[in-house]
Amino acid sequence: MLSDKVLDNLPQEVRRRVEPYVEAVQLMTQTSNAKVLRSMAPSGIRGLILQRGKQGVPTKMPSHHRVYFDWTYPNDHPDMRELYTRAKEQQWNGDDLPWHIDVDPENTEKPIMPRQFMAFDDLRDRGIRLTDLEERRLNSSVASWMLSQFLHGEQGALFAAAQVTEAVQFFDGKLYGSTQVVDEGRHVEVFHRYLDTKLNKLYQINDNLFVIIDALIQDSRWDVKFLGMQIMVEGLALGAFGTLYQMTKEPLLKELLRMVIQDEARHVHYGVLALRDHFRHELSDSERREREDWAFEVALLMRNRFLSFEVYEEWFEHKLTRKEWAEFVTNSPGFAVFRQVMFKRLVPNLREIGLLSDRIKPHYDRAGLMKYFDGQSARELSGDQMIAELDAA
Amino acid sequence: MVGKRQARVGRFDVAAALAARALPGAMTPLIEQARLDAKMILERASGRAPSPLIGEQAEPAPLREVDLLSILPRAFVEKLRSAERDVRMLTGRLILGKNPSPLIERSRPAAGAVVSLPRKTPAMTRPLKVTDVIRETDDAVSIYLTEADGSALEFRPGQFLSVDVIIDGERCRRAYSLASACMAGTPRHITVKRIANGRVSNHLNDTIRVGDELAVLGPSGNFTVEPRPVNERHLVMIAGGSGITPIMSILETILRLEDRSRVTLIYGNRSWKDVIFRDRLAALRDEVGDRLIVDHVLEHAPEDWSGGRGLLTRDVLEGRLDALGIQDDGLQRYFLCGPTPMMQAAHEALQARGVAANRVAEERFTRPEEREGAKGSSEAELVMISRCGHEHGIQVEPGQTILEAALAAGIDMPFSCAMGGCGACRVRLTSGDVRMEEPNCLSRAELEQRYVLTCVGRPHAQSSILVEGA
């Protein structure tokens with residue numbers, strides 16, 4: 001790519017300053033859909049260029065959706081009603097997690113993430129030699145970073161769930177949505193408590209994640225909010241939580257994730273229920289194409305989110321270029337597993353709601369995601385099943 | 001104390017602030033006075049007389065702190081500020097080459113700030129499975145236990161479990177020693193003797209069944225020995241009634257694992273039928289021969305009884321020690337467990353024989369009802385906990401112990417028995433006032449060094465504690 005060549009010829013310091021902007025432009029121009037570009041570009045500028053999530057002040061986002069009231073209280077969606085019943089029965093209290101467990105993020109016997117999560121040999125080949133202690137600390141930083149992003153994602157999910165509850169037109173969906181708001185509040189509570197009292201380290205929100213949250217919170221269309229939150233963010237989070245659940249040997253985090261995963265499986269299922277018929281029968285072709293391209297753009301943002309540039313800025317900003325760091329992360333075995341499992345959970349759901357047409361498949365194929373096409377969608381997979389599957393793996 | 005109310009910034013303030021910034025510093029007092037005069041005239045003209053009371057007037061913002069944008073519409077100012085931040089972000093990265101910190105800097109809670117409100121105390125206990133129940137005497141029952149997954153309980157000989165029982169909706173916690181030999185393959189059990197009016201001991205004697213679950217903490221306690229096969233030692237043990245339970249664990253473990261060690265036990269009971277482990281002691285005696293001497297002393301002995309008689313008073317004990325020919329060799333270790341008068345008598349008898357206090361180990365159990373000073377403050381109190389270099393503020397509700405409040409707030413605190421018996425939750429009080437249930441296991445020296453036990457400690461004022469070694 002031309003921009004890569006230009007970057008390679010720039011002095012190191014200049015490159016360091018302009019590289020994030022080049023990346024942002026590359027990312028935002030991946031889509032050829034003008035409508036998607038129009039709806040995502042403002043969020044892209046706010047998140048990637050102006051870094052609104054990192055300005056050190058609370059972010060105020062306007063919201064333009066319509067609140068949908070129904071004064072007849074219909075029983076209009078039995079599947080959602082059942083999900084509501086199940087959600088009520090499966091409520092849990094964050095206080096009941098085993099908070100007494102002492103967590104040492106650098107403990108090698110019960111590591112939060114396996115030691116081989118990152119390819120330290122790869123770093124050595126790039127001239128960076130870390131001591132044993134530094135390797136453990138870097139691992140621990142990545143764990144804090146990842147959990148911080150989960151926390152920020154959950155804050156987005158909390159407000160998005162509230163918006164979706166207002167905007168959805170199924171009354172049974174509204175009842176169910178109220179439980180999801182509680183779920184997301186609880187997730188914010190437990191992730192924050194874990195980071196605050198156990199790891200004592202909280203990272204800023206990743207710019208890519210900010211763009212996604214900004215885009216779906218400000219979008220006025222209810223189905224785009226649903227798509228962004230319930231399918232993309234929750235779906236990918238489900239994969240990410242599942243991977244960390246499998247990897248971690250830290251008993252408190254394992255239990256925390258086990259409980260969160262069971263909630264998340266319901267959330268994604270709700271998104272599939274709400275969107276399947278709407279996307280298949282009520283949208284025009286061009287509207288469906290737009291959703292499809294929007295989802296692909298968000299998938300790329302989610303992929304980039306996991307490049308964990310905040311850790312790079314903390315540890316290696318003057319030692320590696322962003323591109324070198326991105327290669328290192330991409331090749332690290334732990335992150336590779338994350339990407340795989342995340343998309344394994346996402347792609348079948350996109351298929352189920354009809355957003356994986358032959359037109360878009362080559363894009364996902366190029367991103368190496370089509371191999372998960374035959375997995376189970378959230379509709380076919382309960383939280384318990386998922387935990388059993390993860391435990392058996 | 002709450003600071004004085006500050007007046008809303010108006011046009012006069014902004015005009016004065018602009019003038020103060022534009023004109024020489026010497027003019028500032030004049031401008032300041034002109035601002036106040038103008039405001040006063042304006043207020044009077046609009047019918048708002050200044051408050052007649054001192055201290056009720058709002059204070060004008062200092063000139064140098066007046067925000068020049070504050071007279072513009074708020075929404076416009078917000079946009080302006082947002083744009084300012086955006087520009088700062090861009091120039092920071094592009095021109096200065098400075099990224100925003102990847103970490104979120106949050107100030108640590110200042111003293112006095114409550115960061116964790118009290119919640120429901122998390123369960124501290126874990127369930128054990130009751131695998132067998134054996135009646136030892138009319139008044140004592142042995143309860144055999146395993147971990148919930150069926151594995152054997154890990155413990156050291158002489159340690160105890162804190163057992164939680166809910167009776168009439170109230171949680172009662174009692175300590176019961178594990179009375180088993182501490183060896184692989186030996187089933188673990190506690191033995192519970194009925195106490196007159198004892199809620200938990202009677203409840204367990206009457207209701208416990210195989211298959212039940214028992215909520216416990218621990219094992220805990222330092223009344224223990226470390227068995228080593230190479231040892232050759234003589235342990236002298238004095239037990240009264242149910243005080244035999246930890247003693248039984250220690251003596252059987254030692255006799256089985258240390259081939260050359262021996263034990264002399266002076267064991268007091270009310271009558272022959274009240275003797276817990278009577279047959280087990282006899283069988284052990286048959287097995288190990290002279291390495292075990294058991295001297296039963298009965299308060300109500302039958303006429304043909306040839307052993308010791310009476311309560312274990314100082315005189316009786318001295319008589320038994322003499323009768324058994326026990327001469328202190330300066331190395332023997334003594335283990336005592338039984339009712340408080342017996343313990344007192346044993347200490348006196350041993351002291352009279354020149355036994356140094358550090359060779360006498362004792363285990364005391366008291367019922368919570370017998371404890372004093374346990375109530376704490378009648379109001380919620382703030383306790384700052386320093387641990388691993390971090391400070392957490394917690395609010396301890398009336399009746400709550402510091403340990404309960406800290407665990408509820410998600411703070412890792414050391415603890416084991418949670419009833420003042422093992423010292424695992426010992427912390428140093430750095431300021432304030434914490435009162436504990438008495439008696440507890442802290443020594444006089446520890447009390448002088450301001451140590452407190454969080455499991456039986458309740459704040460009487462705002463306090464700070466330091467968790468050492470964490």
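This is a predicted model: local features need pLDDT of at least 70, side-chain atom pairs count only at pLDDT 80 or more; totals for chains, interfaces and linings use all residues.
**View 1. The domains of chain B.** Chain B is divided into domain 1 (11–66), domain 2 (126–220), domain 3 (234–368) and domain 4 (372–466). The centres of domain 2 and domain 3 of chain B, taken over C-alpha atoms, are separated by 23 Å.

**View 2. Where domain 2 of chain B meets domain 3 of chain B.** Here 27 residues of domain 2 are in contact with 21 residues of domain 3, and the area buried between these two domains of chain B is about 1,700 Å², with carbon and sulfur atoms giving 61% of that area. Between them the count is zero salt bridges, whereas five residue pairs are in polar contact.

**View 3. The side of domain 2 of chain B that touches domain 3.** Two or more residues of this side come from each of β1 (126–137), β2 (140–147), β4 (170–177) and β5 (188–193) of chain B, and β4(B) gives the most, with four residues. By residue type, this side of domain 2 divides into twelve nonpolar, nine polar and six charged residues.

**View 4. The contact between chain A and chain B.** In this view 39 residues of chain A are in contact with 29 residues of chain B, and the area buried between the two chains is about 3,100 Å², of which 46% is given by carbon and sulfur atoms. Two salt bridges are counted between the chains, and the side chains of B:Asp86 and A:Arg52 meet in a salt bridge at 2.4 Å, N to O.

Key
Residues are numbered from 1 along each chain as its sequence is written. Chains are lettered from A and ligands numbered from 1 in the order in which they are written. Side-chain values use heavy atoms; hydrogens and water are left out. Domain bounds come from an automatic or database domain assignment. Contact means heavy atoms within 4.5 Å. Buried area is the accessible area (1.4 Å probe) that two parts lose on being put together, summed over both. A salt bridge is a side-chain nitrogen of Lys or Arg within 4 Å of a carboxyl oxygen of Asp or Glu. A polar contact is a pair of N or O atoms within 3.5 Å; within protein, one must be able to donate a hydrogen and the other to accept it, and residues adjacent in sequence count only if both atoms are side-chain atoms. Ala, Val, Leu, Ile, Met, Phe, Trp, Tyr, Cys and Pro count as nonpolar, Asp, Glu, Lys and Arg as charged, and the others, Gly among them, as polar.
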